[in-house]
Protein chains: 4
Amino acid sequence: MSVGLGLIGTGFMGKAHALAYRAAGAVFGDLPEIRLACLCDTPADRAAAMARQFGFSRATDDWRALVADPGVDIVAITTPNALHQEMALAAIAAGKHVHCEKPMALGLAEAEAMERAATAKGVHTIVGYNYIHNPAFTHATRLICDGVIGRPVHFRGAVDEDYQADPDLAWTWRARRADAGLGTLGDLGCHLVSLACGLMGPVKSLIADTQIIHATRPLADGSDGRGEVENEDAASAILRFVNGAQGTLVSSRSAWGRKNKLDVEVHGTKGMIAFSQERMNELQLYLNDGPRGQQGFRTILTGPEHPPYGAFCPAPGHQLGFGDLKTIEAANFVRAIAAGTPAYPSFSDALAFEAVIHAIDVSAREGRRVEL
Amino acid sequence: MSVGLGLIGTGFMGKAHALAYRAAGAVFGDLPEIRLACLCDTPADRAAAMARQFGFSRATDDWRALVADPGVDIVAITTPNALHQEMALAAIAAGKHVHCEKPMALGLAEAEAMERAATAKGVHTIVGYNYIHNPAFTHATRLICDGVIGRPVHFRGAVDEDYQADPDLAWTWRARRADAGLGTLGDLGCHLVSLACGLMGPVKSLIADTQIIHATRPLADGSDGRGEVENEDAASAILRFVNGAQGTLVSSRSAWGRKNKLDVEVHGTKGMIAFSQERMNELQLYLNDGPRGQQGFRTILTGPEHPPYGAFCPAPGHQLGFGDLKTIEAANFVRAIAAGTPAYPSFSDALAFEAVIHAIDVSAREGRRVEL
Amino acid sequence: MSVGLGLIGTGFMGKAHALAYRAAGAVFGDLPEIRLACLCDTPADRAAAMARQFGFSRATDDWRALVADPGVDIVAITTPNALHQEMALAAIAAGKHVHCEKPMALGLAEAEAMERAATAKGVHTIVGYNYIHNPAFTHATRLICDGVIGRPVHFRGAVDEDYQADPDLAWTWRARRADAGLGTLGDLGCHLVSLACGLMGPVKSLIADTQIIHATRPLADGSDGRGEVENEDAASAILRFVNGAQGTLVSSRSAWGRKNKLDVEVHGTKGMIAFSQERMNELQLYLNDGPRGQQGFRTILTGPEHPPYGAFCPAPGHQLGFGDLKTIEAANFVRAIAAGTPAYPSFSDALAFEAVIHAIDVSAREGRRVEL
Amino acid sequence: MSVGLGLIGTGFMGKAHALAYRAAGAVFGDLPEIRLACLCDTPADRAAAMARQFGFSRATDDWRALVADPGVDIVAITTPNALHQEMALAAIAAGKHVHCEKPMALGLAEAEAMERAATAKGVHTIVGYNYIHNPAFTHATRLICDGVIGRPVHFRGAVDEDYQADPDLAWTWRARRADAGLGTLGDLGCHLVSLACGLMGPVKSLIADTQIIHATRPLADGSDGRGEVENEDAASAILRFVNGAQGTLVSSRSAWGRKNKLDVEVHGTKGMIAFSQERMNELQLYLNDGPRGQQGFRTILTGPEHPPYGAFCPAPGHQLGFGDLKTIEAANFVRAIAAGTPAYPSFSDALAFEAVIHAIDVSAREGRRVEL
């Protein structure tokens with residue numbers, strides 16, 4: 001058996017997918033052969049050049065041709081969010097498995113349509129919530145499942161970056177709801193939800209508030225004009241989880257100095273776990289255990305004890321990188337396809353994540369508690 | 001001129017006050033003489049023993065006698081919260097200046113009565129929000145005032161400890177609203193509010209939720225019975241500040257591993273400040289300034305550049321301790337009395353802090369936005 | 001043009017080389033085509049299986065056949081250190097470029113012979129000192145070159161792991177000088193020297209001491225016998241650099257809790273740089289610059305400002321991993337071959353690094369200063 | 001019983017002593033009464049003013065009068081190092097107990113004379129190695145004694161500040177051996193030795209090197225002249241301890257960014273302890289214990305579990321400051337005097353510490369191993 005990849009897009013995430021699928025088979029010994037079948041981008045000569053660099057067999061500037069390519073089994077979608085739905089629906093209709101970047105779509109209704117189509121067609125799906133594949137994070141979920149910190153009773157999460165912190169940054173389409181959908185919630189917040197749900201289970205209801213920090217931005221057209229920012233720079237929510245716990249989610253795209261802050265902590269009845277993606281190879285664990293005078297948060301450096309770290313490196317403390325998370329994601333998807341079992345997070349799983357960010361948006365705009 | 005101290009209580013905060021007033025004059029060269037006039041505790045022999053240890057001239061087991069003592073100019077109240085109001089009102093009535101531990105009272109109405117009485121009588125007051133006297137924190141407020149991080153646009157705050165984390169801890173009066181008032185909000189949350197207001201100015205409105213993590217606790221009477229916990233173990237709030245910024249306040253008394261976590265961060269348009277009380281001699285500062293490849297959060301170690309650190313030690317990085325914050329607080333109060341100017345935070349200032357925690361409680365119980 | 005790789009070994013470093021050469025062309029757009037031509041290991045079926053997994057065209061259990069393979073341009077040697085010399089000399093004799101893991105050989109004389117042969121033959125060489133390719137480290141060297149911290153006047157370095165910390169670990173050939181050569185100096189210490197020389201330039205002389213912490217270890221043969229440990233568990237040296245600076249190098253393979261500690265700091269006349277490989281995506285920089293009250297060590301998170309980070313990921317703070325360093329190393333070697341310029345660190349460069357660890361050994365054994 | 005303090009000096013250390021003796025009795029309930037009997041400084045009006053501020057009964061500008069004062073039982077010496085010996089010998093001759101700041105004297109011979117005199121006279125002595133009284137450090141020594149990290153086999157220590165880092169700083173008497181004695185070794189290095197000996201026991205022999213980083217400094221006399229720096233800016237030593245362990249001591253007074261770096265780590269056969277004075281309320285502990293995937297360095301925040309922290313504050317994580325260490329030191333001295341037992345570190349203990357820094361100096365100047 002072999003699996004052919006058709007990849008749409010060659011930007012940040014496009015390259016990340018290409019490198020991941022290229023590496024996955026060599027890292028993990030248990031995968032079917034992965035063929036880099038077809039790469040799509042525009043214009044055609046960029047597609048051709050990147051196909052050469054990434055090692056794809058074919059290149060095209062027509063994503064519908066890629067979807068129709070009989071050598072393509074997986075369609076990986078890394079285009080701007082507004083394009084996800086149309087491409088995913090076409091791929092599903094063609095019976096292809098779909099690896100879609102997050103968020104699935106601009107609005108929840110579109111994402112729901114994608115999920116329904118995939119379920120109806122029976123294809124495999126996965127959404128690019130790559131941080132949940134980090135061995136440090138996986139280990140955190142395992143510790144919770146094993147009861148190491150007791151019952152999880154409280155949650156804290158924050159995800160911040162600074163790519164919109166500069167007040168003088170020019171207005172772009174990213175600020176328009178019709179083009180970009182949500183702001184920091186769509187870019188960053190949904191990642192945090194994926195971690196929250198992985199650690200705490202599903203969200204039951206929430207209250208929230210959002211903030212547009214920079215109400216307008218200078219137009220890049222050389223005029224003195226300014227464009228309106230329509231979506232949130234920052235968002236805050238207080239959650240009630242189905243398991244009875246409470247917690248908070250906060251996010252900002254205008255937080256100077258934060259480059260990939262994605263911090264979570266889970267308060268348990270016997271201990272605490274804390275994790276920070278900016279130090280993605282470390283896990284903080286406190287246990288109410290042993291002599292009190294020797295208790296403290298321990299910094300666990302990931303290693304072969306934390307699968308699948310060992311597939312990359314047999315020595316602890318040597319560290320995985322962002323790209324390796326994408327490789328784990330790709331391997332998980334190919335493995336699920338080969339086994340005929342659902343990948344995680346499928347469109348169904350991701351829909352639950354994304355429902356939360358839209359609920360935050362609704363709660364903030366309507367000033368009321370939203371049930372999920 | 002000299003100032004006589006009458007101190008009620010010899011527990012955690014009582015001793016802290018005694019040490020602080022004892023040290024203040026020696027640390028700071030500009031204060032009037034401070035006399036440790038009278039110490040009150042029960043029983044009388046404990047009062048006498050502690051007076052001997054702390055260096056007070058007189059001891060009593062009758063706080064009304066202390067209030068009436070003509071050698072007492074300042075009445076410092078460090079008794080359980082339920083007793084603050086009665087003692088403060090008596091001291092004010094006797095024309096004494098009042099140094100009251102936080103929170104001022106169990107309920108907001110009692111605190112308001114205290115504030116009105118003090119204002120009417122014209123005595124000086126200060127409330128024990130000691131963390132705002134930390135030179136690292138003071139420096140943070142100064143950096144914001146000076147515009148170093150631009151306009152403050154977003155706030156994050158967390159205050160956690162673990163003294164109620166153990167599910168097997170026995171029930172005490174602390175769990176009963178009638179005796180203890182609020183839970184984590186009264187013990188910890190109000191400290192966080194004092195920092196938030198110091199950095200961001202007053203709060204305009206908020207939404208909130210609270211959580212009782214351990215619904216019952218075993219009774220300590222040897223029976224198998226369990227007592228109900230009536231006040232919150234954890235609380236979360238989303239704030240709107242008068243200056244237009246938003247932010248969050250979260251607090252838990254059941255957070256394993258946190259011993260004195262009191263973390264704040266202020267997002268500005270030009271940079272960010274972050275501070276963590278568990279590393280109270282450090283301040284984190286990020287500036288969007290200089291070569292981008294050299295930007296990063298800098299860890300500023302406090303030193304003589306951060307007054308009044310230098311009064312304790314002329315060498316940076318040598319570190320102040322918790323007790324030193326109390327010494328600064330005591331000195332500030334004595335200095336204000338001598339100068340005839342208001343101390344900070346006075347009953348009026350503290351009332352504004354404590355209004356926020358009560359608003360959080362109301363918002364959580366009534367499920368609505370509360371205006372301040 | 002294309003470059004064919006012949007890789008000997010499929011263990012920790014063998015896999016790291018395979019993944020690196022597989023990824024390099026896709027990560028960097030400026031490289032000639034890299035063919036994974038031939039993989040050698042024993043037994044033959046393991047070689048075949050790993051060739052399939054890693055994507056090599058051919059497999060063999062005869063390293064001389066790999067060296068003779070006309071499709072092989074680069075011979076990458078990842079076998080135990082005792083085998084490096086013979087393989088490298090054969091590859092050089094066959095006119096192949098050599099990518100050799102560190103240390104080059106058990107003894108300095110063997111390494112010198114390798115260097116002479118390579119120079120005489122005019123082939124390209126590189127030695128696997130992968131940590132010097134870390135963008136954070138490269139940035140540190142650039143800051144020093146640019147005078148950002150002034151003149152470098154003092155150096156500190158430490159490299160520790162805990163793979164020989166357990167006293168009950170069984171004796172292996174690693175403990176015998178004839179088989180393994182040096183102890184912690186050969187495994188870890190030479191990496192530290194590569195960083196030291198990159199930051200400070202060449203070493204002039206040194207004094208040193210070494211320590212065998214666990215004098216004997218239990219034999220794994222089921223007997224009660226114990227084998228002697230002949231090489232050092234820990235080593236310490238005080239260096240004088242050619243540039244007039246002094247500094248220290250310390251290393252232990254028996255340091256519980258250290259997984260990949262590789263810490264350096266450079267004291268300059270205007271500031272300091274500190275780097276720790278266990279947080280390989282961070283660089284610490286202190287500058288005596290700006291208001292004193294705002295000075296502090298800043299934690300720089302690597303990003304596109306620190307080439308070649310951007311070839312992996314356009315977003316800062318997302319982090320590279322250990323494998324990515326190997327990819328940079330492989331790319332640098334292929335690029336040098338294509339350009340006909342020396343790679344860094346060539347056999348000549350690495351010889352200078354390894355001369356230092358042997359000088360440490362000599363100084364410790366003979367109790368005298370050793371000039372380099 | 002009561003104990004009268006005579007304090008010579010009102011600078012950095014003078015004030016630290018005054019505050020410490022003032023606080024000690026109130027902090028600790030088990031001490032005899034401490035009287036602040038007499039304060040000496042020049043000129044007389046400064047002595048009088050500071051006596052008033054610190055609460056001393058008498059002031060003088062004649063240290064011999066202070067020594068002769070019958071109300072003085074303890075003579076605390078905080079004057080420049082060159083004056084220690086004469087004052088200490090006079091105090092001893094007068095039968096006074098002596099609390100001397102470190103280092104005891106400029107040279108080892110003077111220190112030895114002081115030790116002999118004190119022993120002969122039978123007075124109590126203590127030297128101001130305040131960092132060893134830190135509860136975090138005391139806890140570290142206890143953990144080692146209890147075998148928690150197994151047998152201590154290796155040591156690392158560093159002590160750095162930046163008060164001589166600026167090349168443009170003017171020349172002072174501190175740079176002249178005849179006036180100041182050693183450089184960084186006398187100021188900082190001896191503190192590190194006190195920690196090393198506390199953790200590892202006595203040093204047997206060592207090799208060392210020292211460095212004058214800034215060979216000359218501008219004269220402050222307005223001329224263009226430059227003065228020679230005669231004593232070391234940086235020093236490095238490799239130690240062999242009596243217990244068979246090895247280790248390193250490094251120190252610099254010209255290390256930009258370090259304000260009070262005083263870092264030690266002890267490698268044991270079962271774990272590791274690391275401590276950093278710049279985070280003086282934290283202790284790092286790694287144990288090879290429990291599930292491997294959960295092992296990591298734990299950050300222990302000091303609290304009442306770490307005596308005598310609880311005498312200052314019953315709540316963990318609230319933190320002691322530098323001044324509190326001095327208070328513990330003073331209390332320990334008074335307690336020893338009252339009990340008639342030796343204080344730690346006495347002149348005898350301190351002599352062993354200071355012998356090490358002089359041995360480092362000798363080894364560096366003579367290029368040979370020095371036995372202790």
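Which strands of chain B does helix α10 (residues 322-339) lie across? In this predicted model, helix α10 of chain B lies across β1, β2, β4, β5 and β6 of that chain, and runs at about 165° to β5(B).

These strands belong to an open sheet of six strands in chain B, with parallel pairing and the order β3-β2-β1-β4-β5-β6. The edges of the sheet are formed by β3 (58-60) and β6 (125-127) of chain B; each has a single partner strand, so one side of each is left without a neighbour in the sheet. From one strand to the next, the twist averages 20°. Within the sheet, strand β1 (residues 2-8) and strand β4 (residues 74-77) of chain B run parallel and are joined by four bridges. In this pairing, B:G6 stands opposite B:V75 of β4(B). Helix α1 (residues 12-27) of chain B also packs on the sheet, where it touches β1, β2 (33-40), β4 and β5 (97-100) of chain B. The direction of helix α1 makes about 160° with that of β2(B). Strands of a sheet pair through backbone hydrogen bonds, in either a parallel or an antiparallel manner.

The interface between chain A and chain B was examined next. The contact takes 48 residues from chain A and 48 residues from chain B. About 3,400 Å² is buried between the two chains, and carbon and sulfur atoms give 51% of this area. Of the area that chain A buries against chain B, 20% is supplied by A:D209, A:Q211 and A:W256, more than by any other three residues.

The rule finds 10 salt bridges between chain A and chain B, and 18 residue pairs in polar contact, both residues being at pLDDT 80 or more. On the side of chain A that touches chain B, at least two residues each come from β7 (152-160), β8 (203-211), β11 (234-241), β12 (246-252), β13 (261-268) and β14 (271-276) of chain A. One salt bridge is formed by B:D209 with A:R240, whose closest N and O atoms are 2.7 Å apart. Over all chains, a search of the whole structure finds 88 salt bridges. Another salt bridge is that between the side chains of A:E265 and B:R258, at 2.8 Å from N to O. A:E265 lies in strand β13 of chain A, and B:R258 in the loop between β12 (246-252) and β13 (261-268) of chain B, so the pair joins two chains. Side chains of opposite charge can pair when their charged atoms come close.

Chain A can be laid on chain B by a turn of 180° and a shift of 0.0 Å along the axis, with an RMSD of 0.0 Å. The same surface serves both copies, as 100% of the contact residues of chain A recur in chain B.

For chains A and D, a rotation of 180° with 0.0 Å of shift along its axis superposes chain D on chain A, with an RMSD of 0.0 Å. The two copies are therefore related as by a two-fold rotation axis. In chain D, the C-alpha nearest the axis belongs to D:R298 and is 1.8 Å from it. Here too the same surface serves both copies, with 100% of the contact residues of chain D recurring in chain A.

Definitions and conventions. Residues numbered from 1 in each chain as written. Chains lettered and ligands numbered in written order. Predicted model: local features only at pLDDT ≥ 70, side-chain atom pairs only at ≥ 80, totals over all residues. Heavy atoms only, no water. Least-squares fit on C-alpha atoms with pLDDT ≥ 70 in both. Contact = heavy atoms within 4.5 Å. Pairing = 2+ DSSP bridges. Axes fitted to C-alpha atoms, helices over the stretch in contact; angles between N-to-C directions. Buried area = accessible area lost by both parts, 1.4 Å probe. Salt bridge = Lys/Arg side-chain N within 4 Å of Asp/Glu carboxyl O. Polar contact = N/O pair within 3.5 Å; in protein donor to acceptor, adjacent residues only side chain to side chain.
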